[in-house]
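I opened my notebook for this one and jotted things down as I looked them up. Here is the structure I had on screen.

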Amino acid sequence: PTRRSSDLGYLDFKGDRKAFPDLPRLTKELARHDVRFGIWVWDRILDSNPEVFQEFEAKGYFKEGRIVGDGWHNVGLKSIGRSVDFSNPAAAGLWGKKLRPFLDAGVDFFKIDANPVTDYVRTHLELSQKYGRHTRGRGFLLSHCNRGSLPDIKRYPAAWTGDAEASWHQPDYP
């Protein structure tokens, strides 16, 4: 049987408890070896966690429009995902509250995906600054390389390559 998005703890603030049953123990052991642990997040929530999805929806914290993901982001095409409006401080605050258990469990930073606009990037850097176990107020995040804003690139310089293909024939990306 195919695992569903909800089984994977994907985009639902639950995490994959099957693959990572004891996150605090894992992050503590990694820290013992001077390894810092971050998690990959998107700017959206799947309805596979209906309680959180409905909470954001009822408060008007999603951007306009619905997104039905493909197989990569939506196992079995069974869920609807909506992007959070990070320009709304209350929406960003609730998002941060939902991520706090991961930070309390030892997550130190975030690798953020999707369109890395200022409010989205800032929200995650500030969470890492305030609650990251090892960032000691400095914060850290990896954002997608597809950033169009030069000020954001200067403010939040660490970026990952994006969805590049591993090939000797890879064209310049992006």
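My entries follow, starting with the ground rules.

**Ground rules.** I'm working with a predicted model, where local features need pLDDT of at least 70, side-chain atom pairs count only at pLDDT 80 or more, and totals for chains, interfaces and linings use all residues. Residues are numbered from 1 along each chain as its sequence is written, and side-chain values use heavy atoms, with hydrogens and water left out.

**Sheet.** I looked up the strands next; helices (H or I, at least four residues) and strands (E, at least two) are DSSP runs numbered from the N terminus. I found an open sheet of 4 strands in the order E1-E4-E5-E6, with parallel pairing. Its edge strands are E1 and E6 (159-160), each pairing on one side only. Pairing here takes at least two DSSP bridges between two strands. Strand E5 (residues 141-144) and E6 pair in the parallel sense over 2 bridges.

**Ser143.** I picked this residue from strand E5. Its bridge partner in E6 is Ala159. Ser143 has 0% relative accessibility, so it counts as buried. My cut-offs: buried is under 20% relative accessible area, exposed is over 50%, and partly exposed is in between (1.4 Å probe, protein chains only). I then listed its contacts (heavy atoms within 4.5 Å). Leaving aside neighbours within four places in sequence, Ser143 touches Ile112, Pro116, Val121, Tyr156, Ala158, Ala159 and Trp160.

**Core.** Which residues have the most contacts inside the largest nonpolar core? They are Ile45, Phe56, Val84, Trp95, Leu99 and Phe110, in a core of 30 residues. Strand E1 (38-41), helix H3 (50-58), helix H4 (89-104), strand E4 (109-112) and helix H5 (118-131) each supply at least two residues of this core. The largest share, 7 residues, comes from H4. For the record, a nonpolar core is a set of buried Ala, Val, Leu, Ile, Met, Phe, Trp, Tyr and Cys residues joined through side-chain atoms within 4.5 Å.

**Helix H5.** I saw that H5 lies across E1, E4 and E5, running at about 160 degrees to E4. Axes are lines fitted to C-alpha atoms, for helices over the stretch in contact, with angles from 0 to 180 degrees between N-to-C directions. I checked the length too: at 1.5 Å a residue, the 14 residues of H5 should span 20 Å, and the end C-alpha atoms are 20 Å apart, which agrees. That expected span is 1.5 Å times one less than the number of residues. Tyr120, Val121, Thr123, His124, Leu125, Leu127 and Ser128 are the buried residues of H5. What covers them includes E1, H4, E4 and E5.

**Salt bridges.** I got 7 of them, each a side-chain nitrogen of Lys or Arg within 4 Å of a carboxyl oxygen of Asp or Glu. Arg44 and Asp43 meet at 3.2 Å, N to O, and both are buried. Arg100 bridges to Asp104, also with a closest N and O separation of 3.2 Å; the two lie in helix H4, 4 residues apart, about one turn of the helix. Glu55 and Lys59 form a salt bridge at 3.7 Å, and Glu55, Lys59 and Lys98 are linked in a network of salt bridges.

Asp34 has a phi near 60 degrees, a positive value in a residue other than glycine. I placed Asp34 in the loop between helix H2 (23-32) and E1. With a relative accessible area of 62%, Asp34 is exposed.
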